[in-house]
Amino acid sequence: MATDISQIIEPYRGQRKGIIPVLQAVQEEDGYISIEAVKAMSKVLGVSENDIYGVATFYSQFKFEKPGDHIVRVCLGTACHVRGGAELLDVIERDLDAKAGETTEDGKFTLERVACMGCCAVAPVLVVDDEIYGKMSPGKAKEQIKKWREVA
Amino acid sequence: MAEDLKVQIERAEEVWNTLQAKGDVIYLGTASCGIAAGIRQVSEAITEHLSTGDRDVELVEVGCIGMCCFEPMIYVQTGAKAPVVYGGLEPKDIPKLLDGVYGGDYENDHLLGVIGDGFDGLQSIYDHPMVAPQKRIITENAGLSDPVDIDHYLARGGFKGLERALSMTPDEVVDEVLRSGLRGRGGAGFPTGRKWALCRAAEGAPKYMICNADEGDPGAFMDRSILEGDPYRVIEGMIIAGYAIGCDEGIFYVRAEYPLAIERLEICMAEAEKRGFLGNNILGTDFSHQLTIKKGAGAFVCGEETALMASIEGKRGMPRPRPPFPAQKGLWGKPTNINNVKSVSSVPSILRAGADWYAAVGTDSTTGTAVFCITGKINHTGLIEVPMGITLKEIVEDIGGGVANGRSFKAVQTGGPSGGCLPADKLDLTVDFESLTAAGAIMGSGGMVVMDDENCMVDVAKFFISFTQYESCGKCPPCRIGTKKMKDLLEKITVGKGEDGDLETLERLASTVKAGSLCALGGTAPNPVLSTIRYFRDEYEAHIKDKVCPAKACRELIAYTIDAEKCTGCTLCARNCPTSCIEGETKEAHVIDTDACVKCGMCITSCRFDAVHKIDSPPSQCADEGQGGGD
């Protein structure tokens, strides 16, 4: 894994502007930003670890703990909110027995809330990994979770 | 080299015409909303069904035509006839539908209209109530062509704006945009031509052109739709802007939540470069322009231009005071021009058809068109493009088809977290920058969410202020602390603990936050609260004085109950209840144990007999003091 990261960082050697693209690429690769990755970045980019964390924690995209195998994101944008997004999140939290931001005990699912996926016309929306599900209802969500459990 | 373009256009037209005359083509609406609604599954069903016959049918993926409520959609083209649009499909509908259409029977429940002139008694889609009042300039290609096929774009008039721009001097191009009256579509409405002129005149090199596609407003997806549906248009607009301003480097700042938009942009940028529209010596001229993509990392404040530039520079995305304006000192301290996706996308049409043509659309103060995402409790949700000056009523009632599910209209929210909620008696307002601002809402970037009587305006205000509070970068204390205080107060009101004077405190906080914030995030964050207090004060007072939520949306103020008359004892609600708090024998009326009920609403959505209802249930004093019981 360490060699992969160094390959990602190398093109940005000595460049501060590389912080965000490198963080994004590292997260794509590892699923989160580990302490080791930040140390490696710091050396190559020439920016302190402190500074890298300062940037990384500013943006909601970055995770600092290993996520579950699948990421379930519940959209809570305006259109989803007025069409029952919060109720959807509620049902899923209870079904997975994990709150938004947490990972299930078996490590299979990480539950997240997002501000808007831009699929407002088919609200409320659920995203599992890269798959978007529109026109959801608490009932449909429960059924879906059952299906994901089986394949996960 | 101008000849080269001619040859390219001729070849593109051939490609396009061949497709139109090919006979059997099925176009698949494959934007994010189509995918969310299940176009992939429908596409599989089509492939499977076609494999059983011997028809040679070409499948073409197109962007979003904007009628998102009818997704998944397909357009079926047979013979030399224009494509016929079908919506609301499920995989199981496909065999019957295709057998019918290929047997000459076009009519079924999924029929929406013909793309082009109607035939055989079929109506044109342009006469559909959702489409007829629209004026499509920026979205003219969206959903009608393969977004990544450059020949489709060329055949539909693409890059003619660039060709004309390159035949003019940069100053003439700036002047053309200035004369068109185009105003920035990111929300503020600053004249685009003036912005360009400032950056063009600024001293310093290199200069940068940035396209702001960090569409962070919840409830808005215009930029995503345009980038996914017609990426070449945005690319062409960027190149023209680069030429006019005198910069050879352009940057797309796209939010990371839009992977499909990024993927399509990448494909199209490579193709445009291969064809000589981008890169060195564009169309054989001395002008060179490079484009790159920067992915946002999830920070709403980065929609603000100085924060956006900080983010590109690899810093925390925090705004800084202006002046100096980006046109003087922008990215890396160099002159920089930043335009929203919709502003950039208007440019190719303006250059192609001329400033006068564009200026004739819309109103005197706001020319051109507005792109809105109409969503929420409305029948026709989707992406629409309307001439400026249209009334909100026409949008909500005609295009939007009115409020869904037989409920009544309560408010329309424009401008997202920076905007406001307008009640029914403001629906006669016309859409332009000035009139919406005067009414306490804003034009914004284009989100428009319709709310019905089941939506609580206090809850909506709390929703928006929670969003801005979370997204505040924390630099200015009035924004950082003020939005938190406002959120806490609204929270207090929605749980039935509001007191006299809370509204006045909210208003006082709002004016402090507005006055004491550096950027538009804080400057506009109180708008949703102020506009709801202004138009829905009664609803706030009901929460504060009577401890009830008239919309029955605030969970702490309601209880669920089952109407014994209507309940058939089917047990469906009990089986769906996550806390098993519904009891009753089969075929007998059920009862909800309100103490154990978590008010998730599963029983209401599962009941087929309309027997479950929400009732007012003000929190009682003793429950407050932790003695249990309550009612």
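Two residues count as in contact when their C-beta atoms, placed from the backbone, lie within 7 Å. By that rule, twelve residues of domain 3 of chain B are in contact with 16 residues of domain 4 of chain B. Welcome to this predicted model, in which local features need pLDDT of at least 70, side-chain atom pairs count only at pLDDT 80 or more, and totals for chains, interfaces and linings use all residues. Residues are numbered from 1 along each chain as its sequence is written, and chains are lettered from A in the order in which they are written.

**Domains of chain B**

- Chain B is divided into domain 1 (2-127), domain 2 (159-359), domain 3 (369-452), domain 4 (457-546) and domain 5 (555-624), with bounds from an automatic or database domain assignment.
- Taken over C-alpha atoms, the centres of domain 3 of chain B and domain 4 of chain B are 22 Å apart.
- On the side of domain 3 of chain B that touches domain 4 of chain B, the largest share, four residues, comes from strand β13 (residues 420-423) of chain B.
- Helices (H or I, at least four residues) and strands (E, at least two) are DSSP runs, numbered from the N terminus.
- That side of domain 3 of chain B has eight nonpolar, four polar and no charged residues; here Ala, Val, Leu, Ile, Met, Phe, Trp, Tyr, Cys and Pro count as nonpolar, Asp, Glu, Lys and Arg as charged, and the others, Gly among them, as polar.

- Strand β12 (residues 409-414) of chain B runs antiparallel to β13(B), and four bridges join them; strands pair if DSSP finds at least two bridges between them.
- Ala411(B) has Pro423(B) in β13(B) as its bridge partner.
- Five residues lie between β12(B) and β13(B) in this hairpin, and Gly415(B) in the turn has a positive phi of about 85°.

**Where the chains meet**

- The contact takes 39 residues from chain A and 49 residues from chain B.
- On the side of chain A that touches chain B, the elements giving two or more residues are α2 (19-30), α4 (49-58), α5 (78-82), α6 (85-96), β4 (131-133) and α7 (138-151) of chain A.
- The residues on that side of chain A are 21 nonpolar, twelve polar and six charged.

**Chain A and its helix α3**

- Chain A has seven helices and four strands, in the order α-α-α-α-β-α-α-β-β-β-α along the sequence.
- Of the 152 residues in chain A, 40% are buried; a residue is buried if 20 or more other C-beta atoms lie within 10 Å of its own, exposed if 12 or fewer, and partly exposed in between.
- Ala37(A), Met41(A) and Leu45(A) are buried in helix α3 (residues 35-45) of chain A.
- These three lie on the same side of α3(A) because they cover an arc of only 50° around the axis, judged by the directions from the helix axis to the C-beta atoms.
- On the other side of α3(A), Ile35(A), Glu36(A), Lys39(A) and Lys43(A) are exposed.
- After α3(A) comes Gly46(A), whose phi is positive, near 75°.

**The nonpolar core**

- The largest nonpolar core has 239 residues, and those with the most contacts inside it are Cys119(A), Val125(A), Ile235(B), Ile240(B) and Cys373(B).
- Such a core is a set of buried Ala, Val, Leu, Ile, Met, Phe, Trp, Tyr and Cys residues joined through C-beta atoms within 7 Å.
- Helix α10 (residues 231-245) of chain B gives the largest share of this core, ten residues.
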